[in-house]
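Q: Please take me through this structure one feature at a time, giving the general idea of each before the case at hand.
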Amino acid sequence: MKRFAQFVFAITLVALAASASAHHVLGRPAYSLNEDSNTPPSMQVETQIGNYFVTYMVFPAFPRAGEPGRINLYARNIDNGKPFTGNVTFTARDDTWFDTAKPEKLGVQVIDDNVFRQGFVFKHDGDYIIRAEFHDGGEPYLIDFPLRIGQPSPVGPLTLAGVALFAVLVGGSLFQRKRLQRDRIRAAHRDERSHSTREEGVS
Amino acid sequence: MIMTHPGLPALWGMVVIGGMVILTLWAVITPLPASASAAVYNLTRVPLLRGLVRYLVSSPKILLALKLVFVVLFLLVIYAGLFGSQIPERNLATLLTWNIWWAGLIFSVFFLGTAWCAVCPWDTLAQWLVRRRLWKRAEPNNSLNLRVPRRLRTIWPALLMFIALTWLELGLGITTNPYATAAVSLLMVVMATSSLAIFERKAFCRYFCPVGRTVGFYSQLAPVELRPIDTQTCADCKTLDCYYGDRNTEPCPTWLVMGRLKQNSYCTSCGNCVSSCPNDNVAWRLRSPSVEAVQDARPRHDEAWFMIGLLALTGFHGLSMMPFWETWMSQLARVLHDSGQLLPSFTIGMFGSMAAVVLVYALFVAATRWLMGNGVPFRRLFTHLSFVALPLAFAYHMAHNLNHLVREGVGIGAVFLNPLGTGMAPLSMMEKHARHFHMIISQDSLFAIQAGLMVFGFWIAVQILRHRGRALLVAAGHRGGSWRLAPMLGFVVLMTCFHLWLLSQPMMMRM
């Protein structure tokens with residue numbers, strides 16, 4: 001019984017210890033605040049491309065137009081764990097529909113304490129795509145990640161929903177009215193025909 | 001950093017396995033039963049409850065008040081999602097939608113059947129927008145009243161919607177995105193409203209709603225049902241007000257005739273039949289939670305796919321929250337040269353996992369058919385035996401969601417005080433740890449309930465197999481020989497063990 005209790009205790013310990021090795025959901029933004037340092041809340045995404053595991057952090061977590069921000073990018077080889085040491089080029093482009101503007105180069109960064117640091121200041125709020133580009137082994141590596149500057153606009157979903165509801169309700173109502181009108185006219189014609197048939201019968 | 005919840009300890013796992021062994025032995029030893037217990041208890045006959053139950057189901061004001069509450073909460077979710085902070089754990093939209101409603105909904109089915117559908121804000125808003133009445137019948141009803149195309153009059157649209165919702169939830173990650181949560185909420189209202197404005201009755205509820213159909217199918221295992229008090233009164237009824245409605249009451253939204261109602265799957269608990277029945281012959285009753293899935297529910301091929309789909313998707317929910325799932329996705333992404341959110345890898349992983357469950361089920365059905373002497377067509381066996389998937393999916397779904405509910409539901413009070421999360425910083429690691437330790441119920445209670453649910457699911461699945469299997473054996477020309485059902489019993493054991501293994505793994509926290 002004592003051994004059994006020890007076994008159960010060991011299993012529980014393993015289960016609890018597993019929680020210590022937790023990590024981000026790949027490709028999903030996570031917002032974090034480190035109470036042990038004076039850094040502001042950050043947005044962090046972990047992903048991978050080819051042979052590299054990539055982590056990027058954005059400071060502050062919710063950057064605003066006109067305010068400086070920073071991207072920290074860290075890339076390490078999945079096989080040997082060594083960090084990438086070449087140059088990384090950062091560009092930004094608008095992520096709105098039908099946008100034809102050319103991507104703007106933010107800068108080319110060299111490694112600094114295993115991290116590539118890229119500063120930015122955006123003039124306008126909006127959705128942007130940041131591209132981090134580097135070459136390794138003769139192959140290009142392109143990592144695109146979305147960056148929201150300012151609060152997302154509620155206008156898009158609300159407008160789309162409003163227009164869709166308006167179209168359905170008004171369209172349906174007009175169609176219904178037309179159908180009722182058509183039915184009424186048909187009924188009137190039917191009445192008229194039966195009335196005239198009766199009159200002909202009488203005469 | 002995302003944390004993980006500890007899995008079910010080995011001790012509780014062994015309790016579940018012990019229960020499974022006892023039940024399996026019992027199922028093997030005892031002869032197959034002829035029929036299930038059909039004992040029901042009419043709630044309108046309970047002396048103290050009688051008046052209250054009658055008032056609750058016949059007064060539209062109570063239902064209207066509840067609908068108002070849920071509509072207000074729903075609109076608050078949309079407002080908070082669109083205008084509030086985008087930190088998921090600080091915004092009401094994500095916390096209320098995914099940690100409380102989505103996780104807790106399944107428990108409402110366990111106790112109240114399809115009651116959620118009666119107060120569903122998607123349908124309520126659609127009803128108000130199209131009918132332009134708060135509760136009474138609207139004539140004309142402002143709908144084009146077109147018939148749903150024949151090809152869509154199945155459960156397939158709802159299954160596809162459920163798969164899509166799962167992809168949005170687990171793949172795209174709308175559970176951690178308040179803005180996307182609000183956008184999807186709006187989309188559901190638009191879809192419900194469009195369907196109500198175009199098609200007759202409530203085609204959205206009946207054919208398209210992934211939540212309604214999931215609730216409906218799970219409620220085959222609920223201990224409550226809305227049924228006629230006296231079946232002869234229904235047989236003699238000439239007006240069918242339950243189906244057509246009356247001057248003040250809308251017709252049954254999902255085309256059900258009370259006199260022939262045998263399963264909860266499509267009932268939305270709206271109470272229209274209770275209000276319109278001229279003989280006061282419709283009432284809520286208590287029953288055995290398994291009787292419907294065991295013998296009353298009519299097997300249909302599309303519904304069989306839905307039930308297998310539920311089993312596959314619930315298992316996938318658990319699988320995708322395991323830390324090793326990330327490793328698998330990472331390895332697949334490397335092969336595909338995938339980057340960003342790894343959506344192609346996730347999609348392949350998701351459909352692969354679902355296909356695996358369907359294939360395993362089909363394999364076990366084929367083995368059962370072979371033992372039965374190939375006397376019953378494969379399609380019929382596939383359809384009839386699919387009911388065993390329902391309790392397995394339901395039990396695991398509840399056990400899994402309980403983790404979310406009791407561990408991640410903490411802090412909802414604070415979020416209600418600041419639903420938009422204005423001025424709030426993300427949860428620090430210290431706060432996350434604190435939440436981790438302040439669960440709604442104790443961890444031991446959680447483990448005990450999870451273990452109990454697994455045994456419950458196994459027990460009901462075995463019951464279903466014994467009852468439905470007997471009918472199939474008779475159809476195949478065998479009088480007895482329950483050993484021929486051994487492969488399906490193996491499937492029940494296998495799936496329960498798989499779910500138990502998932503539960504025993506550390507699970508990643510949602511936010």
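Q: How many residues of domain 1 of chain B are in contact with domain 2 of chain B?
A: Two residues are taken to be in contact if their C-beta atoms, placed from the backbone, lie within 7 Å, and by that rule eight residues of domain 1 of chain B are in contact with six residues of domain 2 of chain B. This is a predicted model, in which local features need pLDDT of at least 70 and side-chain atom pairs count only at pLDDT 80 or more, while totals for chains, interfaces and linings use all residues. Residues are numbered from 1 along each chain as its sequence is written, and chains are lettered from A and ligands numbered from 1 in the order in which they are written.

Q: Where do the domain bounds lie in chain B, and what distance separates the domain centres?
A: Domain bounds come from an automatic or database assignment, which here divides chain B into domain 1 (1-30 + 297-415 + 425-511) and domain 2 (223-293). Taken over C-alpha atoms, the centres of the two domains are 32 Å apart.

Q: Which residues of the largest nonpolar core touch the most other members?
A: A nonpolar core is a set of buried Ala, Val, Leu, Ile, Met, Phe, Trp, Tyr and Cys residues joined through C-beta atoms within 7 Å, where a residue is buried if 20 or more other C-beta atoms lie within 10 Å of its own, exposed if 12 or fewer, and partly exposed in between, with C-beta atoms placed from the backbone. The largest core has 141 residues, and those touching the most other members are Met307(B), Leu311(B), Val388(B), Leu392(B) and Val492(B). H22(B) supplies the largest share of this core, 14 residues, and at least three residues are drawn from each of domain 1 and domain 2 of chain B. Beyond its neighbours within four places in sequence, Met307(B) is in contact with Phe217(B), Ser386(B), Phe387(B), Ala389(B) and Leu390(B). A second, separate core of 29 residues includes Ala30(A), Tyr31(A), Ala132(A) and Ile87(B).

Q: Why does Ala393(B) count as buried?
A: Ala393(B), found in helix H19 of chain B, counts as buried because it has 28 C-beta neighbours inside 10 Å. Leaving aside residues within four places in sequence, Ala393(B) is in contact with Leu310(B), Leu311(B) and Thr314(B).

Q: How many residues of chain B are in contact with chain A, and which element of chain B gives the largest share?
A: The contact involves 47 residues of chain B and 43 residues of chain A; on the chain B side, H8(B) gives the largest share, ten residues. That side divides into 30 nonpolar, 15 polar and two charged residues. With the expected span of a helix taken as 1.5 Å times one less than its number of residues, H8(B), which has 21 residues, reaches 30 Å from its first C-alpha to its last, close to the 30 Å expected. Of the 21 residues of H8(B), 17 are buried.

Q: What are the elements of chain A, and where is confidence lowest?
A: Chain A has two helices and nine strands, running α-β-β-β-β-β-β-β-β-β-α from the N terminus on. Confidence is given by pLDDT, the predictor's score for each residue from 0 to 100, which averages 81 in chain A, with 79% of the residues scoring at least 70. The lowest mean in chain A, 44, belongs to helix H1 (residues 2-18) of chain A, and the highest, 94, to strand E7 (residues 116-120) of chain A. Over residues 6-24 of chain A, pLDDT stays under 50. Where pLDDT is low, the predicted coordinates should not be read in detail.

How values were computed:
Helices (H or I, at least four residues) and strands (E, at least two) are DSSP runs, numbered from the N terminus. Ala, Val, Leu, Ile, Met, Phe, Trp, Tyr, Cys and Pro count as nonpolar, Asp, Glu, Lys and Arg as charged, and the others, Gly among them, as polar.
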